[in-house]
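Let's walk through this one together, starting with the packing inside and then moving on to how the chains meet. Have the sequence and the model open as you read.

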Amino acid sequence: MSALAGKTAENLKKIRETKPLIHNITNFVVMNYTANVLLACGASPVMAHADNEVEEMVDLAGALVLNIGTLTDGWVTAMIKAGRQASELGKPIILDPVGAGATALRTNAAKAILAQTWVSVVRGNASEILSLAGQESATKGVDAIHSVTEAAEVAGTLARELGTTLAITGPTDLVTDGRRTLTIEGGHPLMTRVTGTGCSATALIGAFHAVDKDSVSAAATALAFFGVAGEVAGIGSVGPGTFMIRLLDALYTLTPEEVEARCRIAKG
Amino acid sequence: MSALAGKTAENLKKIRETKPLIHNITNFVVMNYTANVLLACGASPVMAHADNEVEEMVDLAGALVLNIGTLTDGWVTAMIKAGRQASELGKPIILDPVGAGATALRTNAAKAILAQTWVSVVRGNASEILSLAGQESATKGVDAIHSVTEAAEVAGTLARELGTTLAITGPTDLVTDGRRTLTIEGGHPLMTRVTGTGCSATALIGAFHAVDKDSVSAAATALAFFGVAGEVAGIGSVGPGTFMIRLLDALYTLTPEEVEARCRIAKG
Amino acid sequence: MSALAGKTAENLKKIRETKPLIHNITNFVVMNYTANVLLACGASPVMAHADNEVEEMVDLAGALVLNIGTLTDGWVTAMIKAGRQASELGKPIILDPVGAGATALRTNAAKAILAQTWVSVVRGNASEILSLAGQESATKGVDAIHSVTEAAEVAGTLARELGTTLAITGPTDLVTDGRRTLTIEGGHPLMTRVTGTGCSATALIGAFHAVDKDSVSAAATALAFFGVAGEVAGIGSVGPGTFMIRLLDALYTLTPEEVEARCRIAKG
């Protein structure tokens, strides 16, 4: 899979050169960490959620990241408005259905965004993704109770139905648009003990998609890069505190060459 | 007090085994750090404040943490709605009356939540707790201007009046339900230089209360654990930056045995 | 410029002795980091944005910091209400026009706050400041596309027009009220890779202004202190993660004497 490893390095290089503006409408818990992840990798984050400014901000952005982690109805309205503008302009939209399956508000919001805007990539854990299939599903708060393997069985069909690329993250990540499927290894167990690592992966997909039109390649290379950064950050980390700080350092210091040598993407 | 030291270790073990979901309706300043504190100790945090989803989230949760640190009227409504649902289901509610005594909005919100829901534990600094007594009181923003000793004099009476357990934190912590009183030593002066350590203590009480029905024991053991973590984090910390990171590491790495050996709870 | 170096040390000493309460109405992304910056330097932060409590909180505060980073109309209303109260009481108001020039909502909000309250200092990057001049301007999200040098040409005139002190930050900072102009050296390139460093500089100006009535001196000494802390934090930092933590440590550990010896303010 050296072609995709090369693509990962190339995308990272482009982000650092062009510093794409990534417009995030995201949750309160992870806003700070997400912004720092995007800055560390070389992108330029902006958070803006007012329904009377989101369209203007989308106009300036290279990608739009929608994350439903701490939702109210007004935020859904703003997300859809921003998403419609991005759809019209052909800018990539990445959706993170945080907690879909846990409450009706979240499941319905994710489905409404998918129905009313042109979502390019959905990044979630297995339970969140399965909830979009309308299957019997439950999410424990925001944590997965299904494995990526369970989700993989329906992912291809679901991706085709929704007309979007699915990125299902867990110990092994899976990316599929229903035709092409890739798996990504990497990361570190401490990632599950730091809030916002999933949301940050979604935001990174936004940055990679801003410089790579192919949604499958953008999602897989972003996750591959994040996986390498997680592995590097894990070395010598005492616990989640040092890990979350070293992760930001790794996203900043890793060179495209190092990422190319270390990242592990395979045909799924 | 070796029984309570043993209980502290036991509660921590249960949290790590059962990973209780802790539903937080909390303030914007501390959402990220609070979530990381809960994850570090082994619990599963979720933040959700929309009035059309809080009841569903309470259904999934082991405890509900209400924190009035950055309040508006709509949030008070959602807190009371969530609190009523938790009261009905017999799930523990922990209230953090951040800044009560500083403004009417905060004092009234804390009192309304106490009046309309079944709050199991209130965790605050001395000034915040005194403001609930309707005494002449003032809080400087969110910082205490009274000592725990001052609050201790009225704490027992107040706890009985409010029908709740009070956890008053400061250099020495005090927990009382008006019949039983415990004091807890530990922590580190740098805790006062990191925002959200008090709020995190409240959230930890939520995690401990999710696995320990006794409100006095849950509050005291949570504070004892947090005190040990603070002491350990303080060793070698240069300033509040390194301290806040090492605190997360300590909450993650401390074993029940170490906590049992180091924690200091005494009859008050 | 030893007089201003001495003033920097003196202001820092006063903050640590009097712990002024700084009332922030600021954006979701930086609330946590800003509060930690203020705590680290010795001030007492409070965040409060409800329109039915901001006036009471202003009454308690030594300075009011308004930051439009994640805005909605309701927040603008609260900012103006708080600003009017501060104006009436003669308390310093510091405005951070985050992203002004990027969207109409932000540009208009900044102008409305300037028109309806008595803003003492505006701290922004060159593009944000230029947007207030009503010039042809654009801001890329929240990042500057103009240099401080470009802004310096019009800063004096603009400061006189707006009747406020302008603090324009970049590799070299510029502070002017249209009569007196100072430049400040210091800081570190990693500051641009951590979200909220600009917002934190604004909050620090709030803390310094709470103990120093002279807006030019307050702004310049705050930026000089922040510049020294940035330089110290940069030593040995691996990337933005370690840098953001070491910056908090530096703000806490630097003595007034060290700051006096290292800070670099000059007549502009």
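Two residues are in contact, or touch, if their C-beta atoms, placed from the backbone, lie within 7 Å. With that in mind, go to B:L204: leaving aside residues up to four places away in sequence, B:L204 touches B:V37, B:C41, B:A222, B:F225 and B:F226.

A quick word on what you're looking at. This is a predicted model, in which local features need pLDDT of at least 70 and side-chain atom pairs count only at pLDDT 80 or more, while totals for chains, interfaces and linings use all residues. Residues are numbered from 1 along each chain as its sequence is written, and chains are lettered from A and ligands numbered from 1 in the order in which they are written. The pLDDT is the predictor's confidence in each residue, from 0 to 100; chain A averages 94, with 97% of the residues scoring at least 70. For the complex, the predictor gives an ipTM of 0.95 and a pTM of 0.96.

Back to B:L204. A residue is buried if 20 or more other C-beta atoms lie within 10 Å of its own, exposed if 12 or fewer, and partly exposed in between, again with C-beta atoms placed from the backbone. A nonpolar core is a set of buried Ala, Val, Leu, Ile, Met, Phe, Trp, Tyr and Cys residues joined through C-beta atoms within 7 Å. The largest one has 321 residues, and those touching the most other members are A:L204, A:A207, B:L204, B:A207, C:L204 and C:A207.

So how do the chains meet? The contact between chains A and B takes 27 residues from each of them. On chain B, α2 (31–41), β2 (44–47), α3 (54–60) and α10 (240–253) each supply at least two residues of the side touching chain A; helices here are DSSP runs (H or I, at least four residues), as are strands (E, at least two), numbered from the N terminus. The largest share, seven residues, comes from α10(B).

Now for the symmetry. Superposed by least squares on the C-alpha atoms of residues with pLDDT of at least 70 in both copies, chain B can be laid on chain A with an RMSD of 0.0 Å by a turn of 120 degrees and a shift of 0.0 Å along the axis. The two copies are thus related as by a three-fold rotation axis. Within chain B, B:F28 comes closest to that axis, at 3.8 Å (C-alpha). Only 11% of the interface residues of chain B are also interface residues in chain A, so the copies meet through different surfaces.
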